Amino acid sequence: MGAEEVETADLSDKALVSAIREVLASAQSGDTDQYNELVQLMYIKKKKSGDDAMAQPEVPDDVDVVAQRETLLKILSHSVACLDDVHHNHLLQLILGTRIWDHKPNVIYALLDLIISLATTSGKHLSSCLDTLVSNLRSQPRKLDNKMLEVLSRVHAALHKISYLVPLAPSILLPILAQSMPSVHDKARLQVVVPYVKNLLKLENSSIIGKVVGKDILMMVMGRFRDLDSEIECDDNLQNDSSLAMFDMELDVAVEGTLVSKLLDDLMVESFNHLKSCQDAGRLDEVFENLFESFENLILNTQKLKFSQFLMFYACSLDPENCGVKFASKLLEKFLSSNNNQVTRTNAVTYLASYLARANFLSASFVASMLKRLVDECADYCRTCNDDARPEVHQVFYSGCQAILYVLCFRMRSILEVPHFQSQLTPLESVLSHKLDPLRVCLSSVVSEFLIQAKACGLFIVSDAFIFDDLSESELSRALGGFFPFPWLLEKSNSLISPHFIKRSEVKKTYEQAEVTVYGDTDNEEDSDDDVDPDNEMNKMSITPKHSVMHETERLLKMPSRISPSTSPRESL
Amino acid sequence: MEGLKLSEAELMIFIHPSQSRNVFQGICRELSSLLFQYNETFDGVLLAYDATVKSKQAKILTGLHPYFGVRVNTRLLLFDPKPKSFVEGKIAKISPESIHVIVLGFSAAVITDVDIREEFKYRVRDGEGSFVSRSHKRHALKLGTMLRLQVQSFDEEVMHIAGSLLPENTGCVKWLEKKSEEALPTDRDHKRRKLA
C-alpha cells in the first residue's frame, strides 16, 4: 500500500522532470521561449546591496513564485546532466551567482542540493560550484538568527558532501579559499575577516576537508594574523618621531587602528575557542604540529609581532605536559642546530626565553632542565670559540646568554628551589666572566635586573658597576616585555590569556622581600672594573647599531603601552 | 582493472642548490609535486613512483640559480582510463538519476540514468535506494557495492570519469565474477562429452 503511494508520487515527479528536460532540450535546438520563462523564475526583486540585509525592509516575493522557484531547483538537481554550458549558460550563471542569504530557507536548501549535484556530476562545474559556496560563506550577514545558522551549517554540509563524492575537491577548494580571504589592505571589507576565519576553522575541524587541507588552512589563518598584527604599530614609534604632520594623520587613521585591533581581538577569541574545541575532541596534538609549522614559517622570523605568537602560547597552556614541553623543545632544537641561520637561531632562543619565563603552567623543574642545556651550550661555546673580539661574530652566543639571564629574571627563586639545580648553574659563572663578556653586550636592562635578583638570592657576588638605578620602574618593565609581551592589550581575549602569564609584579615581590644590599660590596671575584671610568663603561654597555641582532631585540623588548594607529606612509588615505 | 599501467622512465630532475645536502629528498619532492595530476609526458595520472639515482654525476646549469640535473631511473604507476576501457570502484551514492562511484579512492566517476541499461530498475528498500536487475534478482547495485563500469570520457583536470553501465559485462563485480565462474564447469562438461 505504501509502495503504491510512493509509486504515484514518483510518477508525477517524473512527469515534471521530463517536462523540464524537454524545455532544456528545446533550448538546445533553438526554441527558447519556455526556457526564458524558467530563467525569469530565478530572478529575484533586486534589493539595495548592503552588508546588513536585515536592516532593509524585506521585499516579499510572491509566494507562488517562491514555490515555483523551489520546485524548479529541485527538478534541476535531478537533471543536471541535461544542463549544457552553451545553451543554458544564462540559467547556470544565475544559479551560480546566487547570494543565498537573499532567499527563503526552502529555496536555499533546494539550491544547495542543486549545487551539490552540479558539482559532483560534471567535472567542469566543480570549480565554479565550490566558488559559489565559498563566496556565500564570505558574504554571510554579521548577525545570524537560528534559521541562518541552520543555513550556514547546510553550506558546510554541502562542501562536505561534495568532498565525499569527489575526493580531489579539497585540493581544488584550497586556492579558492585563499583567494576569497579578505585582504588587509581592503579596509572597507576587512570586517568580514572574522566570520570568514571562523568558517575556515570550522572547515579545518571537518573530517574530510580538514584531513586533506587542514594544515594549509591553519597557515592561511596564521598569515592573516601576522598581517593584522603588523598593521598595529606600538606607541614608541610615535614618541620618537617629532614631525608635526604625523599628528594630522593620526586623527584620520585613529579609527583605523582601533578597527584592526578590534578585529584581531575577535579573531583571537575565535582561534582560542577553536583550539579549546580541538582539545576537547582529542586532536590538539595534530593541530599543534601544524600550528608549529605555521609558526616556524610565518611568525618566527617576523619582527614586531605582538599577538600572533600567543596562538602557540594558548595551545601550550591547554596541554602543558605534551604541547607545552614540545614547543620549548622544538625552539631549543632550532637554537642548537648549526644548520639554521643566525637570525632563526637568535629568534628561536629569544622566544624560548620569553616562553619559559612567562608561562606559569610550566613546572620549575622543566624550566630548570631547559636552562641547564642552554648553560651547557654556552659554556661549550666559551671553551671552543675563536679569539675574534668583535661581538657581531658571536651573536648566537650572546643571544643564548641573554636568554638565560632573561629566564632567571623571572624564575630565579622558583628555579633555585629545584634540588641540585644551583650546582648545575656553576658553569654560568664561568660563562659570564669569560673574555667574551656577555654582561657587557647583552641588554643593560636585562643584565641589571638579573644582577639585582642574583644578589637578592645570593647566587653570585656582584659588582656594583653593573647596577643601574636610573632606569625607572616603568621603563624596566617595558624593556623586560620580551617576545611574549605583556600586558595584553586586547580586551576580549584578555581573560583567556592572563591566567597563564607570570606577571612582572609577582616577580618583583619576591626579591623586594629579600635583603638587598646594593652599595658597599667591594669584594668581588668576577670583575675588577672599579678602576674603569664609569662614563666609558656606560658607552660600552649601550648597544651600537652595528650589532644588529641585539639592537633589534632592544627595539622589540620595548613594550607598547597603548595601541596606536600605524604611521607608515602606505597607510595615508 | 584496466587503466592502470606501470611505466619505466629515465628522467632528468633539476634540483635547487638549497637541497644539495639531501639530494634524494629533493628528487622525492619534485616527483611528489606531480602526484595526482595528469601529466602529458607520462600520458596518465601519476599515482606512485619509485626512484633510483642512476649516476652521481650531475650537470650544473649556468644561470641565475645554479640548478643541477640528476639522472634518475623511475618506475611510475599511472592511471589512464581510455574511453571504452573498464574500471572498478565503490558506489558512494545512488539516486534515481545517477550513480556516484569512487575509483581507486581518488577519482570520482558518475553514471547518469541514460547510461544505465534497461535491465536495471531503481528501487527503494528500507529507505535505501538501489538498482536491481529485472532478469537476475540477485544482481543488485547498492551503496558500497564494487562496480565495474565502462569509461566514456575522462576529465583530466578534476579526475572525473563519465561512465556507462550499458555493456553487458558491467555491474556488480562480485556477481559478474560468480556468473563467470558458474559458466566454466558447464564448458568443461561440454568438452568432455564431445571428446568421449
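A:Asp319 is buried (under 20% relative accessible area, where exposed means over 50% and partly exposed lies in between, with a 1.4 Å probe and protein chains only), yet A:Asp319 has no salt bridge, and the nearest side chain of opposite charge, A:Lys326, is 7.6 Å away. A salt bridge here is a side-chain nitrogen of Lys or Arg within 4 Å of a carboxyl oxygen of Asp or Glu, and for charge, Lys and Arg count as positive, Asp and Glu as negative, while His and the chain ends are not counted. This is a predicted model, in which local features need pLDDT of at least 70 and side-chain atom pairs count only at pLDDT 80 or more, whereas totals for chains, interfaces and linings use all residues. Residues are numbered from 1 along each chain as its sequence is written, chains are lettered from A and ligands numbered from 1 in the order in which they are written, and side-chain values use heavy atoms, with hydrogens and water left out.

In chain A, A:Asp319 is found in the loop between α14 (310-318) and α15 (320-336); helices are DSSP runs of H or I with at least four residues, strands are runs of E with at least two, and both are numbered from the N terminus. Apart from its neighbours within four places in sequence, A:Asp319 is in contact with A:Gln279, A:Leu284 and A:Gly324, contact meaning heavy atoms within 4.5 Å.

Side chains of opposite charge can pair when their charged atoms come close. Over all chains, the structure holds 27 salt bridges. One of them joins the side chains of A:Asp102 and A:Arg99 at 2.9 Å, N to O; A:Asp102 is partly exposed, with a relative accessible area of 27%, and A:Arg99 is partly exposed as well, at 23%.

Another salt bridge, of 2.6 Å from N to O, links A:Asp227 with A:Arg224, and both residues lie in helix α10 (residues 207-231) of chain A, three residues apart, or about one turn of the helix. A:Asp227 is partly exposed, with a relative accessible area of 27%, whereas A:Arg224 is buried, with a value of 11%.

In helix α17 (residues 364-384) of chain A, A:Arg383 and A:Asp380 are separated by about one helical turn because they are three residues apart. These two form a salt bridge whose closest N and O atoms are 2.4 Å apart; A:Asp380 is partly exposed at 36% relative accessibility, while A:Arg383 is exposed, with a relative accessible area of 62%. Elsewhere, salt bridges that share partners join A:Asp285, A:Glu289, A:Lys326 and A:Lys330 into one network.
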